[in-house]
Amino acid sequence: MSQAKPSPEPINAVSRRRFLALLVHGGWAAALGVLVYQIGRFLGAEGLQTGPAPLVIAGKLADFPPETTIYVPEARAWVQREAASLTALDAVCPHLGCLVQQKEGGGFRCPCHGSEFGVAGELERGPAERPLRQLEIQTQPDDIVTIRTT
Ligand code: FES
């Protein structure tokens, strides 16, 4: 009477059970990484922000004619030029970070949850609880306009 020999298992074989366990643990690790990253971004951790560069060249002064409000996407900012003054407002809504749009008749409105801001960025209507952030804007001697976004 002969007995069938069990087939020898290859030395480096990964069992189906072990493979599935690795897959599940890898998935949990990836999900945890994404969760930590998103929480860090939400809390404003340095190095996790994907915003504009700290100092942005917005263009020449002539690109901002008097009495205009122009969006500068590189800085995510609204630049307003009145007679002699140049101001920049952060276009990022202080509620949850959507980009505010210019309202007809002046001011800004967030398309996400409806917060409204005045021409100078002052809060007019929530759910945002803070005004738009004023950004430092400068005209260099060669008429180059720079915006500090941090
Ligand atoms: S993100 Fe602007 S109102 Fe919510």
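Start by selecting strands E5 to E8, which make an open sheet of four strands in the order E5-E6-E7-E8, with antiparallel pairing. Strands here are DSSP runs of E with at least two residues, numbered from the N terminus, and two strands count as paired if DSSP finds at least two bridges between them. At the edges of this sheet you will find strand E5 (101-102) and strand E8 (123-125), each pairing on one side only.

Before moving on, a word on what is loaded: this is a predicted model, where local features need pLDDT of at least 70, side-chain atom pairs count only at pLDDT 80 or more, and totals for chains, interfaces and linings use all residues. Residues are numbered from 1 along each chain as its sequence is written.

Now pick residues 116-117, strand E7, together with E8: two bridges join them in the antiparallel sense. Click on Phe-117 and look across to Leu-123, its bridge partner in E8.

**On to the six-stranded sheet**

Next, select the open sheet whose six strands follow the order E1-E10-E9-E4-E3-E2, again with antiparallel pairing. Its edge strands are E1 (55-60) and E2 (68-72), and each of them pairs on one side only. From one strand to the next, the twist averages 25°; the axes behind such angles are lines fitted to C-alpha atoms, and angles run from 0 to 180 degrees between N-to-C directions.

Which residue in E3 is the bridge partner of Thr-69? Select Gln-80 and you have it. Then move to Ile-70, which stands opposite Val-79 in E3. As you step along, remember that side chains in a regular strand alternate between the two faces of the sheet.

Follow the chain between E2 and E3 and you pass through a hairpin with four residues between the strands. Stop in the turn at Arg-76, where phi is positive, about 50°.

Is E3 mostly covered or mostly open? Mostly covered: four of its five residues are buried, meaning that 20 or more other C-beta atoms, placed from the backbone, lie within 10 Å of the residue's own.

End the tour at Arg-81, which stands opposite Leu-86 in E4.

Technical notes:
Buried ≥ 20, exposed ≤ 12 C-beta atoms within 10 Å, placed from the backbone.
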